[in-house]
Amino acid sequence: MDQQILAHILEGRRSQPNQLIEVLQDVQEQYDYIPREAMQIVSRELGVPVIEVYRVASFYKAFRLKPAGKHILTFCSGTACHVRSSDLLVNQATRQLGIDSGEVTPDGLFSIEQVNCLGACALGPIVVENGSYHHHMTPARLRKLIESIYEKETALKEAEVKVYAEIE
Ligand code: FES
């Protein structure tokens, strides 16, 4: 963990416990999750007990306590998507990837997250993959999306292996 980044985030906010959520948002933006070490430093620098920092970081779904997968699949569980069977999409992804919502695949390729609304209710059910919105999603289309990502990643890995083999 680059501590200089954290020092920059904390600038002008030290000893201000009311800055906790904003600081954690900035930490997540920079590191993509909230590292344990960062929680300890934030606790010390803001003057907030570490247990409280952990409580806040684990309470809000927007915060991640572990690094996310390379491909983050975000499912909308809001009312508009829910009535259009968004739960079937989550089931498809968890079955296909063998992980639960909030987890990362052992190869680090995928993580599954759920949020309450992605702000595109009329186009639901919505799935976002690393910032790309997929609207009117169906389990079959989702299965193909995941398969295509796997295929691209496999091709990428094979190309890398080939390059390294040529270098050696
Ligand atoms: S409820 Fe799914 S985008 Fe709003």
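Reader: Is glutamate 153 buried or exposed?

Author: Buried means under 20% relative accessible area, exposed over 50%, and partly exposed in between (1.4 Å probe, protein chains only). Glutamate 153 has 13% relative accessibility, so it counts as buried. This is a predicted model, where local features need pLDDT of at least 70 and side-chain atom pairs 80 or more, while totals for chains, interfaces and linings use all residues. Residues are numbered from 1 along each chain as its sequence is written, and side-chain values use heavy atoms, without hydrogens and water.

Reader: Which side chain does glutamate 153 meet in a salt bridge?

Author: Side chains of opposite charge can pair when their charged atoms come close. The criterion is a Lys or Arg side-chain nitrogen within 4 Å of an Asp or Glu carboxyl oxygen. Glutamate 153 pairs with lysine 70, at 3.0 Å from N to O. Lysine 70 sits in the loop between helix 4 and strand 1 and glutamate 153 in helix 7 (residues 139–167), so the bridge ties together parts 83 residues apart in sequence. Helices (H or I, at least four residues) and strands (E, at least two) are DSSP runs, numbered from the N terminus. Lysine 70 is partly exposed, at 44%.

Reader: What does histidine 71 touch?

Author: Contact means heavy atoms within 4.5 Å. Leaving out residues up to four places away in sequence, histidine 71 touches Leu109, Phe110, Ser111, Glu129, Asn130, Ile149 and Glu153. Histidine 71 belongs to strand 1 (residues 71–76) and is buried, with 11% relative accessibility.

Reader: How many salt bridges does the structure hold?

Author: There are eight. One of them joins arginine 64 to glutamate 113, with the closest N and O atoms 2.5 Å apart. The two residues are 49 apart: arginine 64 is in the loop between helix 4 and strand 1, and glutamate 113 in strand 2 (residues 110–115). Arginine 64 is buried at 15% relative accessibility, and glutamate 113 is buried at 18%.

Reader: Where do arginine 55 and glutamate 52 lie?

Author: Both are in helix 4, three residues apart, about one turn of the helix. Arginine 55 is partly exposed at 44% relative accessibility, as is glutamate 52 at 29%. Elsewhere, Arg14, Arg44 and Glu45 are linked in a network of salt bridges.
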